[in-house]
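Hello,

Here is the structure for you to open. Please have a look first, then read my notes below.

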Amino acid sequence: MTRGYRLAAFALCLAAPVPALSHAALVTAETATAIRLQAGYDTGDPMAHAQVRIYAPDDPARPWGQGVTDREGGFEFIPDPLPGRWSVQVRQAGHGAMAYVEVGAAGPVSLSTATRPDRVQQAVMVALVAWGALGTALFALRKRGRGDASS
Amino acid sequence: MHLPDGIVPVSMALAGYGASAALAGLALARIRALPDPQGQVPRAAMLTAVFFAASLVAVPVPPASVHLLLAGLMGVLLGWFAVPAILVGLFLQAVLFGHGGITTLGLNAVILGLPALMAHAVWRLAGRRWPDLAGFVAGAGAVLAVLALFVAIVLAGLPVALDPGAERMALGALVLAHLPLALAEGMIVLAVLRLLRRMEPRLLPHG
């Protein structure tokens, strides 16, 4: 009897690893270059929970991936090793912007986004436009005054 | 409150250019028919500069930045001149500040130009009898009309890939955030008209 049990136990030991293998967790790790975005309004507020659409270089019409920004307007993704220009659109309530990420064949990633003008630049632009408007106004007044004088 | 590039499909952007061209053509024809078309150019030029700078006056109300629109003020003070003034102001905003886009310039001109003309109509109809009320309604109503047009155009141009529920929620929050702005712009138009009445009644727009 005991011999029979030992045989059965041996047989079980042989059989057991096969189903147990299907439950084994296999983890492979590798490093990858992720792209991190920061989306915000030009007032400085983050674009929280905005919708993100990622377009791969080979298909600008259909989204390669999608997601939602976190509370600080941040978003991360790992692109396929496909060289070219990846486009990322972040939009919320009709507001939004595109960012373009250049993924090179060698791997390094260069990020290109539009910079927003600072307060001084904005003040200069407003002053220039106001100057132009004032010039237009004075020009029209002068023409008018001349017309009145000749008539 | 400006549609940036890449938000709406190209066909809608083209339609916006067509609509704004028709609007500008109509406005210019009306201006030419005025007895003194040159007379309002100085005022239109100065208000274009005010309109251009107004988009920088931002009030941070999540989820979006709320900034002054001034469509009502432009309409009441300029009448048909408001359409070319808004077009020029929007173009400068898009090029210099990145507010709005070049492809969506036509749509944005319609979004702001039509409410400006509505404000003008309100002022013409009721401005003489109830100047304060007409000024406030023109200013506040223009903001609400801009909101309605903006939301309608965004919803009409939603891409398939976008989650429509989330976008609708965000648009609802945007409308709520702009309601105080409607009150504020109504008060601005009222205050400017009162100031003009007291300081320089000849500058008051009438019809």
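**What I found**

Chain A has 3 helices and 7 strands. Please note that this is a predicted model. Starting at the N terminus, the order in chain A is α-α-β-β-β-β-β-β-β-α. Chain A has 151 residues, and 28% of them count as buried. Its accessible surface is about 10,600 Å². Carbon and sulfur atoms account for 61% of that surface.

Now the partner chain. In chain A, 30 residues are in contact with 38 residues of chain B. About 2,800 Å² is buried between the two chains, and 64% of this comes from carbon and sulfur atoms. R91(A), A93(A) and H95(A) supply 21% of the area that chain A buries against chain B, more than any other three residues.

R91(A) also forms a salt bridge with E167(B). Their closest N and O atoms are 3.2 Å apart. On the side of chain A that touches chain B, β2, β5, β6 and α3 each supply at least two residues. Helix α3(A) gives the most, with 14 residues.

Helix α3, residues 119-150 of chain A, gives the largest share of the patch, 4 residues.

Best wishes

Note on methods: Residues are numbered from 1 along each chain as its sequence is written. Chains are lettered from A and ligands numbered from 1 in the order in which they are written. This is a predicted model: local features need pLDDT of at least 70, side-chain atom pairs count only at pLDDT 80 or more; totals for chains, interfaces and linings use all residues. Side-chain values use heavy atoms; hydrogens and water are left out. Buried means under 20% relative accessible area, exposed over 50%, partly exposed in between (1.4 Å probe, protein chains only). Accessible areas come from the Shrake-Rupley method with a 1.4 Å probe; for residues, only the protein chains shown count as cover. Contact means heavy atoms within 4.5 Å. Buried area is the accessible area (1.4 Å probe) that two parts lose on being put together, summed over both. A salt bridge is a side-chain nitrogen of Lys or Arg within 4 Å of a carboxyl oxygen of Asp or Glu.
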